[in-house]
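Subject: Structure for you, with notes

Dear colleague,

Here is the structure I wanted to hand over to you. Please have a look at it first, and then read the notes that follow.

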Amino acid sequence: MRTEHTLVYDAPASDWLEALPLGNGRLGAMVFGGPALPGSPAREHRFQLNDGSAWSGSPHSQDLEPHFSRERADAILAESRRQIRDGDYAAAHETLKELQHRHSQSYLPFADLFLTIGLSGGSSGAGPAADGTPAYSRSLDLARAVNSTRYEVDGHTVSVEAFASHGPSVLVISVQTDAPQGFDLALRLDSQLRILRRTGAPASGPSSAVLELKLPSDVPPSHDGGAVEYSDDDSLSLQGAVAAAWEHNGTDADADDGGLAATGVRRAVLYVTTETTFRGPGRQPEGTAAEAAAAARGTLATARAAGREALIARHEQSHAELYDSCSITVDTPAWQGTNTAHRLETANTHPDGPLAADPGLAALLFNYGRYLLISSSRTGAPGSREGSAWPGTPANLQGIWNDQLQAPWSSNFTTNINLQMNYWGAEPTGLAECARPLFALIGALQETGAATAREYYGARGWAVHHNSDIWGYSKPVGHGTHSPEWSFWPVAGLWLVRHLWEHLQFGTDDTESAGSFARDTAWPAIRGAAEFALDLLVEFPDGTLGTSPSTSPENSFTAPHPGGGTSRAAAAESSTMDLTLIRDVFLMLGSLAGELGLETDPVVAEAQAALPRLPESTAGRNGRLREWLADPEEWEPTHRHVSHLYLAYPGDARLTPELEAAVSASLDGRGDESTGWSLTWKILLRARLRQPGKVSDLLRLYFRDMATDRGGQSGGLYPNLFGAHPPFQIDGNLGFVAGLAECLLQSHRTSGGVPEIELLPALPRELPDGAAHRLRARPGVEVDLEWKDGRLAGATLTSPKARIVRIRCENAVQELHLEPLQATVLNLASFSPAGASA
C-alpha cells in the first residue's frame with residue numbers, strides 16, 4: 001500500500017463524513033462500505049449517488065420577482081451613495097437591502113443504492129481472519145480511483161470494489177466471495193427527490209432497475225427556512241433517472257420495491273448510471289424523465305457490452321493521465337496502520353503539531369486534493385445519445401458530493417472566494433483540463449450577467465454577485481432581508497476572469513489552441529468585465545475614480561452615527577478589493593489586447609485612461625493594508641475573509657517592501673485561527689511573503705482532526721479527510737493543493753521582462769526532505785525539484801518552447817536558456833548572489 005496515495009479504514013462508515021468519494025466529473029458516489037453489524041451475516045452497502053447537473057430550478061429562476069426598473073435601481077444606488085457621502089452608513093446598509101433579489105438554486109442529492117449481501121444458508125457473523133488480522137478493511141486508492149471493501153464471514157472472504165468510469169459514465173461495482181455456496185444479493189434504489197416511476201426486472205429490462213425522477217423547481221437556502229417546491233410546469237425544473245443493471249453467476253430471485261435479487265452468487269458486476277435533462281450551463285432543460293431513463297439504459301448497455309475488465313483498464317488509464325501529471329513526495333518512513341482517521345488523531349497528539357509527527361500527511365492531502373478535483377470537475381464523458389457529451393459543471397461548495405436536499409449554503413457556487421479557490425491548484429499542478437467546466441460557467445454568466453448589469457446598474461458588460469448556480473444566476477441575493485456585507489458585491493465576474501488569464505499565463509503546448517482560447521474565450525469575458533467596471537466607477541471630488549456603494553466580501557466596519565454612537569456597517573466608498581479587481585482587469589485587458597493586436601479597441605482606451613485615476617493600495621491604521629479607502633475601524637478584527645489582500649494572492653501585483661509589510665501586518669491582525677478555506681488562503685499569502693514559519697503555524701491548524709468541536713470558525717479535517725469550514729466545504733481541500741505548490745514554487749514575478757521562477761520560497765520546517773515532479777510554472781515550464789535538510793538539492797526544467805527564464809532560490813539567481821522539450825538541469829554550483837549579473 002502506497003500510504004501517501006491511499007485512505008484506509010478498519011470499520012464501515014457510520015456517517016457521511018466517514019464515507020469515501022468516487023467521481024468522474026459527472027457521477028459522484030459516497031461509498032459507506034456497509035454498516036457494522038457484529039454477529040449478523042448481512043452487510044448492506046450504501047452508495048449515496050450524485051449527478052453534477054442535479055440542481056433545483058432552471059434558467060427561469062433568475063427571472064422570478066422582484067424585478068427592478070432602471071429608475072428604481074438607480075434611485076436605490078443614488079440614495080445609498082448619498083447616505084455614504086453624508087456618513088450615514090447604517091442607513092445605506094438598510095437601503096441596499098432594497099436591491100436584493102431571491103436566491104440561487106441548490107445542488108441536490110440524486111439517489112441511493114443499497115446493496116445487501118448475506119451468505120446463502122445463514123452464518124454466525126463476521127469474525128477475524130484465520131491469521132488474526134482485522135476482518136474488515138476499506139480503502140480508497142487515489143492513484144487508481146478505486147474503492148475496495150473486504151471482510152470475512154465464517155472464514156470466507158467477501159470483497160466489494162467500485163470505480164466511477166469516465167466514459168461511459170457508470171459506477172461499476174464488483175462483488176465476489178470464495179464461499180462455495182455463494183451469497184444472497186439484493187439491490188434497491190431510492191431517492192430523496194420526487195419519484196415519478198420505479199421499475200425493476202423484467203419491466204425495466206434484463207436484470208435492471210430504474211427510478212424516474214423529478215427535481216424541485218425551487219430550493220431556498222436552509223438558513224432561510226423556506227420549503228422545497230415542485231412545479232407542475234416541467235419547464236421550471238430538471239427531470240432525470242438513475243438506472244442499475246447487473247450480471248452474476250447465481251440465480252435470479254423475486255425482489256421487492258422494483259429492485260433486483262439473486263441467490264447463490266459468487267461473483268457479480270453492477271453498473272449504475274445517472275441521466276438528467278440538463279443540456280449545459282445556463283441552457284433550458286430538454287426532455288423528460290422517461291427519455292432520461294431510456295438514455296440511462298443505453299449507457300448501461302454500452303457499459304455491459306464493454307465489460308468490467310475493459311472499463312477498469314480504460315478508467316485507470318484516463319485517471320492516470322491526470323493524476324500522474326504532477327506529484328509530491330515527502331521523505332518519511334511509510335505509515336503502518338489500518339485507519340487514516342486514527343492516523344490523523346495520533347499525529348495531533350504530537351507537541352509540535354501533526355506534520356512534525358507525520359509529514360507524509362502533507363503529501364497525502366496534496367494527492368487527495370488533486371484526486372477530488374479530477375473526480376468532481378471534468379468534461380467529455382459521453383452519454384448514450386449519439387454525439388452527446390457531458391458539458392461539465394464546476395466543483396461546487398462540496399465538489400460533486402452532497403446528501404442533503406437543503407445543504408449548507410445550498411452547496412452552490414459562492415463566487416466571493418470559494419468557487420475560485422476550488423481551481424487555484426489546477427494550473428500549477430497539471431490539472432488545467434479540470435478547469436474547463438469553470439470556463440463554461442463563465443461563458444454562461446456573461447449572458448445572464450449582461451442582463452443583470454443592465455437591470456441593476458444600467459451598465460455595459462456583465463455583472464455577477466456572490467452566489468450562482470448551473471443556470472448562471474447573477475443577481476444580488478437576500479430577499480430584501482439579508483446583510484449587504486455579502487449580498488451586495490457585483491464584481492465577482494472580475495475575479496472569475498483571472499482564471500482565464502492564468503490559463504493563458506501557464507501556457508500550453510498547442511500554440512494555435514492557446515491563440516484560439518485567448519481570442520474566443522478570454523478576450524470577450526475580460527473585455528465585458530472591464531466594460532462593467534468602467535460603468536461601475538464613479539468620480540470623486542478629487543478627480544480619482546472609485547466605487548460607491550462598495551463592500552469587502554462578508555466583512556464590516558465600525559460606523560459612526562451622524563447623531564452619535566456607532567454600529568456595524570458594510571458599505572462605504574472604494575473597498576480595496578473593488579479597486580484591486582478593477583485595476584487587475586484593466587491590466588489584463590491591455591496586455592491581452594497587445595497580444596491579439598486589439599490595442600485600438602475603444603474599451604481598451606477607456607480602461608487605460610481610467611487606470612492612473614484609481615487610488616493605489618496603501619497602509620492605514622496599525623500599519624495594515626486599508627480594507628476601504630477611508631480606513632474605518634474593523635468591526636470584527638479576526639474576520640475570516642482577507643479579500644483586501646487579493647493583490648498578494650491570487651493577484652500578481654509587484655509588492656513593494658511597504659506593501660509586503662502591510663499585508664503581513666494585516667494577516668497578523670486577523671490572526672491564524674479560522675475556517676478551513678481561510679486557513680488555506682492564509683497559507684498562500686504567507687507563502688507569497690516568503691514566511692515559512694507562519695506557513696507552519698497555519699498547517700498545524702489545518703491538519704487538526706475534527707473530533708473536537710472548536711466552534712463554527714475553526715477548521716480542520718473530518719475522518720475521511722474532507723476539509724471543514726465547518727461544516728464540510730471542499731474549497732479547503734482544493735486550496736491546500738495550491739498552497740503546498742506555492743510553498744515549493746512561485747512564478748508570478750518577472751525580472752527585467754524575464755519570467756522568474758522561484759524554488760522553495762516558503763518550505764515548511766516539517767517537510768525538510770522531499771521531491772516534486774512536474775509542477776507547472778508560468779509561462780508553461782515543467783519543474784522537477786528535490787530538497788534535502790530544507791535546502792534545494794536539484795532541479796530540472798522543461799519547456800515546450802525556447803525561452804529564457806531566471807531561477808531564484810534563497811539569495812541566488814541563475815538565468816537559463818531552455819530549448820524546446822529538452823530537460824535542463826539547474827547547476828547549483830553556478831548560482832550567483834541575488835541581484836548580480838547572471
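I begin with a pair of residues towards the end of the chain: Leu 785 stands opposite Ala 795 in strand 31. Please keep in mind that this is a predicted model, in which local features need pLDDT of at least 70 and side-chain atom pairs count only at pLDDT 80 or more, whereas totals for chains, interfaces and linings use all residues. Residues are numbered from 1 along each chain as its sequence is written, and side-chain values use heavy atoms, with hydrogens and water left out.

Helices (H or I, at least four residues) and strands (E, at least two) are DSSP runs, numbered from the N terminus, and two strands pair if DSSP finds at least two bridges between them. Strand 30 (residues 781-788) is joined to strand 31 (residues 791-798) by seven bridges, and the two run antiparallel. In their hairpin, which has two residues between the strands, Asp 789 takes a positive phi near 50 degrees. Strand 30 also pairs with strand 29 in the antiparallel sense, over six bridges, and here Ala 772 stands opposite Leu 785. The hairpin of strand 29 and strand 30 has three residues between the strands, and in it Gly 780 takes a positive phi near 100 degrees. The covered face of strand 30 consists of Val 781, Val 783, Leu 785 and Trp 787, while Glu 782, Asp 784, Glu 786 and Lys 788 make up the uncovered one.

Buried means under 20% relative accessible area, exposed over 50%, and partly exposed in between, with a 1.4 Å probe and protein chains only. Four bridges join strand 3 to strand 2 (residues 20-23) in an antiparallel arrangement, in which Gly 23 stands opposite Gly 28. Three residues lie between the strands in this hairpin, where Gly 25 takes a positive phi near 90 degrees.

Cavities

On a 1 Å grid over the protein atoms alone, a cavity is a set of points where a 1.4 Å probe fits but cannot get out, and a pocket is an open set with protein on both sides within 12 Å along at least five of seven lines; lining residues have an atom within 4 Å of a point. Grid points are joined across faces, edges and corners, and a volume is the space filled by probe spheres set on the points. The count comes to seven cavities of 30 Å³ or more.

The largest cavity holds about 290 Å³ of space, and of the 26 residues that line it, the closest to its centre are Trp 424, Pro 428, Phe 506, Tyr 649 and Arg 778. Several elements give two or more residues to this lining, including helix 16 (676-688) and strand 29 (770-777), but the largest share, four residues, comes from helix 11. Helix 16 has 13 of its 13 residues buried, so it is largely enclosed by the rest of the structure.

The second largest cavity holds about 70 Å³, and Gly 23 is among the residues that line it, as are His 315, His 319 and Arg 378. Helix 4 gives the most to this lining, with three residues.

The second largest pocket

This pocket has a volume of about 850 Å³, and of its 32 lining residues the closest to the centre are Gly 651, Asp 652, Ala 653, Arg 654 and His 748. Helix 13 gives the most to the lining, with six residues.

His 103

His 103 lies in the loop between helix 2 (89-97) and strand 5 (111-119), and it counts as buried because its relative accessibility is 3%. A polar contact is a pair of N or O atoms within 3.5 Å; within protein, one must be able to donate a hydrogen and the other to accept it, and residues adjacent in sequence count only if both atoms are side-chain atoms. The side chain of His 103 makes such a contact of 2.9 Å with the side chain of Asp 218, and another, of 2.7 Å, with the side chain of His 479.

With best wishes
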